[in-house]
Amino acid sequence: MNIIIVGCGKVGYTLVEQLSGEDHNIVVIDEKEEKVKSITDELDAMGIVGNGVSYQVLQEAGITDTDLLIAVTGSDEQNLLCCVIAKKAGNCKTIARVRNPIYNEESNFLRKELGLAMIINPELTSASEIARIFQFPSAVKIDTFSKGRIELLHFRVTKECLLNNYELIHIRTTLKCEVLVCMVTRGEEVLIPKGDFVFQEGDIVAIISTPPRANEFFKKIGIGTGRIHSAMVVGGGTIAYYLAKRLLAVGIETKIIEQDSARCDQLNELLPRATVICGDGTDQKLLLQEGLSSMDGFAALTGMDEENILLSLFAKKTSSAKIVTKINRINFNSVLNDLKLDSITYPRLLTADTIIKYARSMNESLNSNVENLYKLEEGRAEALEFYIKETSLVTDTPLEKLSLRKNLLICCINRGGKFIIPGGQDELRVGDSVVVVLTHSRLNDIKDILEV
């Protein structure tokens with residue numbers, strides 16, 4: 001596809017990085033020459049210095065032949081206007097990043113009336129992810145499918161966990177748990193394990209299941225499942241606002257520490273049920289004074305990665321809280337892995353995943369829609385949910401008779417609300433939602449699960 005990306009900040013850079021690997025032709029637009037040059041020098045994209053709202057600049061970028069325009073500048077209003085002009089000038093699909101909570105309440109109206117394909121809010125998406133983790137603190141990451149009815153939960157095998165030195169096949173035969181182990185990350189390796197696989201301490205394991213069955217599994221292997229009852233959030237930005245709103249709605253006591261007094265006044269007005277403390281969140285004495293040691297959950301959401309990492313390490317040392325760390329830069333993942341932080345959220349990667357999912361679904365000739373897409377383990381694996389909309393080579397045939405790609409696992413089938421962990425005799429049918437996990441490859445359509 002031909003794609004224009006307006007805005008060359010962190011999200012814009014990540015989008016180019018991810019989408020260029022999907023074999024698209026990409027043009028980037030930004031008013032700052034150094035930002036355009038940074039992307040075009042390092043990644044496979046053309047660049048134009050200018051204002052993406054300008055009709056002339058869009059013409060220069062090739063708007064008449066563009067399939068998709070993505071506006072991710074720092075201004076919500078500019079992003080929306082850019083999409084409107086692009087829609088009129090080229091009749092392409094458009095996606096706008098809109099972050100202001102005021103617009104969030106009106107996103108459906110704006111999308112419909114302005115003819116947008118999608119409005120994306122990285123901060124809201126990150127807050128939703130953190131809220132899910134706080135409600136299931138055993139997991140380090142949770143990806144959802146089938147509108148939340150099915151979950152892909154990632155957790156770490158500890159020394160005390162029953163799975164330590166445990167053979168995978170016994171999960172079904174001995175524990176009698178209806179969960180499927182989709183993937184294991186061991187150091188730098190990403191594996192799709194077989195029945196004779198033996199878990200080790202430190203493994204990051206991804207299972208797929210329904211929430212009730214996952215709860216039962218975690219209880220049997222000796223991992224707690226209860227949600228948190230109190231949370232401390234350091235940093236009072238947009239993610240903190242969305243997160244606090246979600247936590248308060250489900251009865252979780254929430255305390256926010258923010259240094260800017262004007263922002264504290266805003267948060268007090270927007271979130272009257274939250275406790276807002278005006279102070280330096282990096283002040284260890286303040287954190288302890290405000291009850292960090294007794295908190296069930298802790299989220300480091302300042303604007304600086306280094307601060308968030310240090311805050312999380314301090315919280316880990318002084319409390320038993322479930323800890324979530326916000327990271328904007330993604331260049332030091334190997335170092336972060338060594339620190340063994342509980343959970344890390346990457347807002348711009350969540351944005352990229354959502355847009356790649358949409359890009360893969362734009363081909364109307366496909367036999368299935370990509371309903372969900374998650375890039376896992378720094379892009380070394382993917383989890384996708386397909387909705388099968390018509391018959392093809394993969395439907396109505398027992399799975400054991402299909403020639404499936406290597407390093408691919410069909411994890412579950414959602415058939416009319418019924419959750420099925422598939423065996424060799426099961427078949428894929430029109431109307432099914434199917435979750436697939438694979439490494440070292442890429443799928444656009446359900447037919448792509450077959451060996452070429």
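Predicted model: local features only at pLDDT ≥ 70, side-chain atom pairs only at ≥ 80, totals over all residues.
**Entry 1**

Buried means under 20% relative accessible area, exposed means over 50%, and partly exposed is what sits in between.

**Entry 1: Glu105 and Lys245**

I started with Lys245, which has a relative accessible area of 38%, so I call it partly exposed. Its partner is Glu105: the two form a salt bridge, with the closest N and O atoms 3.3 Å apart.

**Entry 2: Glu290 and Lys255**

Next I looked up another salt bridge, where the side chains of Glu290 and Lys255 meet at 3.1 Å, N to O. Glu290 is in the loop between helix 12 (284-289) and strand 15 (297-300), and Lys255 is in strand 13 (residues 253-258), so the pair ties together parts that are 35 residues apart in sequence. Buried or exposed? Glu290 has 15% relative accessibility, so it is buried. Lys255 is buried too, with a relative accessible area of 16%.

How many salt bridges does the count give? I got 17 salt bridges. One of them joins Arg360 to Glu22, with the closest N and O atoms 2.8 Å apart. Arg360 lies in helix 15 (residues 347-361) and Glu22 in the loop between helix 1 (10-20) and strand 2 (25-30), so parts that are 338 residues apart in sequence get tied together. Both Arg360 and Glu22 are buried. I then saw that this pair belongs to a network of salt bridges linking Glu22, Asp23, Arg360, Lys375, Glu382 and Arg442.

**Entry 3: Lys447**

I went looking for Lys447 in the segment after strand 22 (433-439) and found it there. At 36% relative accessibility, Lys447 is partly exposed. What does it touch, leaving aside neighbours within four places in sequence? Lys447 is in contact with Asn367, Ser392 and Val394. With Asn367 there is also a polar contact, side chain to side chain, at 3.1 Å. Lys447 and Asn367 are 80 residues apart in sequence, yet their C-alpha atoms are 7.5 Å apart in space.

Cys8 is buried, with a relative accessible area of 6%. Cys182 is in no disulfide either: the nearest cysteine sulfur, that of Cys411, is 3.2 Å away, while the cut-off is 2.5 Å. Cys182 is buried as well, at 0% relative accessible area.

**Entry 4: what the record says**

Last, I checked UniProt, where an unreviewed entry places "domain: RCK N-terminal" at residues 1-124 and 228-356. For residues 1-124, I noted 46% helix and 22% strand. The end C-alpha atoms of that span lie 28 Å apart.

Conventions
Residues numbered from 1 in each chain as written. Heavy atoms only, no water. Buried < 20%, exposed > 50% of the residue type's maximum accessible area, 1.4 Å probe, protein only. Helix = DSSP H or I, 4+ residues; strand = E, 2+ residues; numbered from the N terminus. Contact = heavy atoms within 4.5 Å. Polar contact = N/O pair within 3.5 Å; in protein donor to acceptor, adjacent residues only side chain to side chain. Salt bridge = Lys/Arg side-chain N within 4 Å of Asp/Glu carboxyl O. UniProt positions renumbered as here; feature names shortened; annotations may be inferred.
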